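Me: I would like to go through this structure by question and answer, keeping to what can be read from the coordinates and the record. Please show it first.

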Amino acid sequence: MNEYDVVVVGGGSGSQIATAAADRGLEAAVIERGPLGGACITRGCVPSKALIHRADAVEEIRRSPEIGLDATLEGVEYAEITSSIRDWVYEKAARQERGLEEADAVALYRGEGRFVDERTLEVDPVDGDAPPDPIRGDRVVVAVGSRPLIPPIEGLEDVDFLTSDDALFLDERPDSLAIVGGGYIGAELGYFFGALGADVSLIGRSDVLVPREDGAISEFVTESLERHCDVYAGREASSVEAADGGVVVTAERTENGDGGDEPVDGAGRDGSIDLEADRLLLATGRRPNTDTLDLEQTGVETDDRGYVETDSTLETTCDGVWALGDVLGEQPFKHAADYEARVVAANVLDDAGREVDSDAMPHAIFTSPQVASVGATETELADADREYESTTVPFDVAPLGVVLGADGFVKVLAAPDGEILGCHVVGPQASILIQEVVVAMERGDGTVEDVSEPVHVHPALSEVVYAAFDELSSNRYSTAPDWRDVGG
Ligand SMILES: Cc1cc2nc3c(=O)[nH]c(=O)nc-3n(C[C@H](O)[C@H](O)[C@H](O)COP(=O)(O)OP(=O)(O)OC[C@H]3O[C@@H](n4cnc5c(N)ncnc54)[C@H](O)[C@@H]3O)c2cc1C
């Protein structure tokens, strides 16, 4: 038996707990079956944003005549782009692995871990070596993440399809691509492939893309993405079949989906439509990797979709076993998993009894334009019967918004006493602009004045955030910019 103070299953965000344990002089182990760093580094956040950086550059070139420049795109070295990103992220993962191996007292087991009792695991090595002796931890952290969910679509077993795992590193850009799934991964990759010149059909079940966002944001993104993709919102892929070296996807109108009252061009009498494409990409959500763990050997309970149940300190229903990240099914973002790793580290290493607090957990979607959000949506407030005030301010309220020809807005939702309840941004640099609102909610009193009182740099895009919060504040002497009538 290999005995440790702390054992972490999953080398994504969880591995940071093993490193923190080692820094305290404890014996720690990480069990990881794939590249170190988890989904984020090799098949999630980082490579997808590296691709989207290229899409943004292409868009800048396309828009150059608007500002009197005559730039043209001479070509796209597609294979070079994807192979250089792949080499770079795998080198980063390898470095992380070397770093962990060099760290004193962190043992790395390269293989798939499976529980044999409450806090003991066996490892099936990835390289075919003989399995090590079972691994036991005084405390165990379950951080095995998630993988693409494959929906039951008729005919899927007979066609080739991609998921986000492989769509990031294609050698060739498909001429046409059908994406099933209108959530954030579909919206990001639809933008990327569309901007790079592929004919993209984007099929989403809800009437809008990114339907979990505030309604105004979802509508704006749905309209904006029509510049890059043919959007089929309110439709569901019911069957697929191979055709002419590609694939045909049949998309039916969802029960409540509008998808147009009349059949769109080429649609059948029932409103179903056949979409032909060279490649098919499924972006239909994720499922937790907990089914690989034999959790039934432990007292760790999961919900009916396999997400791990924990209390507010992230301890599972089994004493001494903790969980974090995508396996919780709550906030499937890298920064959320890292935050949860900090909470678990404090509780595992210091018995701190720290509770997780995600009220000010932001997220962003790197589509076109960017989206960022923190707190409640207007629908959530209405459903909770909460009294609120709302304001929406467009980017051209700020001079830099006008200079950049920026499309988008900042929407603020606040209680009558000024407490910030939610903020939703769509437009350039939304992922950066949201941060001051997060700080105000997390560290200030959480009122609109926490954002509107501090001085904002002029002329920066943060003046859009300033102007929006200023509108809801009690400030009687406003100097917030308003360039809306000036235009550009
Ligand atoms: C295309 C895409 C884009 C994304 N973009 C963003 C973004 O822009 N911003 C953002 O915040 N988030 C983004 N995410 C989400 C983000 O990647 C995840 O939320 C984050 O990686 C979750 O961290 P984790 O540690 O919980 O899981 P992971 O990072 O998935 O780590 C879990 C690890 O456990 C390993 N594992 C699984 N089962 C076992 C087992 N039985 N034994 C041993 N090891 C096992 C896996 O190999 C994996 O390495 C994106 C995801 C995708 C797919």
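Me: Is Gln429 buried or exposed?
Reply: The model is a predicted one, where local features need pLDDT of at least 70, side-chain atom pairs count only at pLDDT 80 or more, and totals for chains, interfaces and linings use all residues. Numbering starts from 1 along each chain, as its sequence is written. A residue is buried with 20 or more other C-beta atoms within 10 Å of its own, exposed with 12 or fewer, and partly exposed in between, C-beta atoms being placed from the backbone. Gln429 has 20 other C-beta atoms within 10 Å, so it is buried.

Me: Where does Gln429 lie in the chain?
Reply: Phi of Gln429 is positive, near 60 degrees, in a residue other than glycine. Helices (H or I, at least four residues) and strands (E, at least two) are DSSP runs, numbered from the N terminus. Gln429 belongs to the loop between S20 and helix H11 (430–433).

Me: What is the strand order of the open sheet of 5 strands?
Reply: Two strands pair if DSSP finds at least two bridges between them. Strands S16 (363–365) and S18 (389–394) are the edges, each pairing on one side only. With antiparallel pairing, the order is S16-S17-S20-S19-S18.

Me: Which residue in S20 stands opposite Phe409?
Reply: Strand S19 (residues 409–414) and strand S20 (residues 420–426) run antiparallel and are joined by 6 bridges. The residue of S20 opposite Phe409 is Val426.

Me: What angle does helix H7 make with S20?
Reply: Axes are lines fitted to C-alpha atoms, for helices over the stretch in contact, and angles run from 0 to 180 degrees between N-to-C directions. Contact requires C-beta atoms, placed from the backbone, within 7 Å. Helix H7 (residues 215–225) packs on the sheet, touching strand S17 (371–375), S18, S19 and S20, and its direction makes with that of S20 an angle of about 5 degrees.

Me: How far apart are the end C-alpha atoms of residues 361–465?
Reply: UniProt, in an unreviewed entry, lists this range as "domain: Pyridine nucleotide-disulphide oxidoreductase dimerisation". Its positions are given in the numbering used here, with shortened feature names, and annotations may be inferred rather than shown by experiment. Over the range the chain is 31% helix and 26% strand, and the distance between the end C-alpha atoms is 18 Å.

Me: What is omega for the peptide bond joining Ser368 and Pro369?
Reply: Pro369 is in the loop between S16 and S17. The bond from Ser368 to Pro369 is cis, and omega is about -5 degrees.

Me: What is omega for the peptide bond from His458 to Pro459?
Reply: Pro459 lies in the loop between helix H13 (448–452) and helix H14 (462–472). Its bond to His458 is cis, with omega near -10 degrees.

Me: Why is one side of S10 and of S12 left without a neighbour in the sheet?
Reply: The open sheet here has 3 strands in the order S10-S11-S12, with antiparallel pairing. Strand S10 (235–243) and strand S12 (273–277) stand at its edges, so one side of each lacks a neighbour because each has a single partner strand.

Me: Which residue of S12 is the bridge partner of Val249?
Reply: Strand S11 (residues 246–253) and S12 run antiparallel and are joined by 5 bridges. The partner of Val249 is Leu275.

Me: Is Ala251 buried or exposed?
Reply: Ala251 is in strand S11. Apart from neighbours within four places in sequence, its contacts include Ile203, Tyr232, Ser272 and Leu275. With 27 C-beta neighbours inside 10 Å, Ala251 is therefore buried.

Me: How many residues of the shell around the ligand are charged?
Reply: Of the 35 residues around the ligand, Gly10, Gly12, Gly38, Gly145 and Gly325 come nearest. Ala, Val, Leu, Ile, Met, Phe, Trp, Tyr, Cys and Pro count as nonpolar, Asp, Glu, Lys and Arg as charged, and the others, Gly among them, as polar. The shell has 13 nonpolar and 16 polar residues, and the charged ones number 6.

How values were computed: Near = placed C-beta within 6 Å. Contact = placed C-beta atoms within 7 Å.
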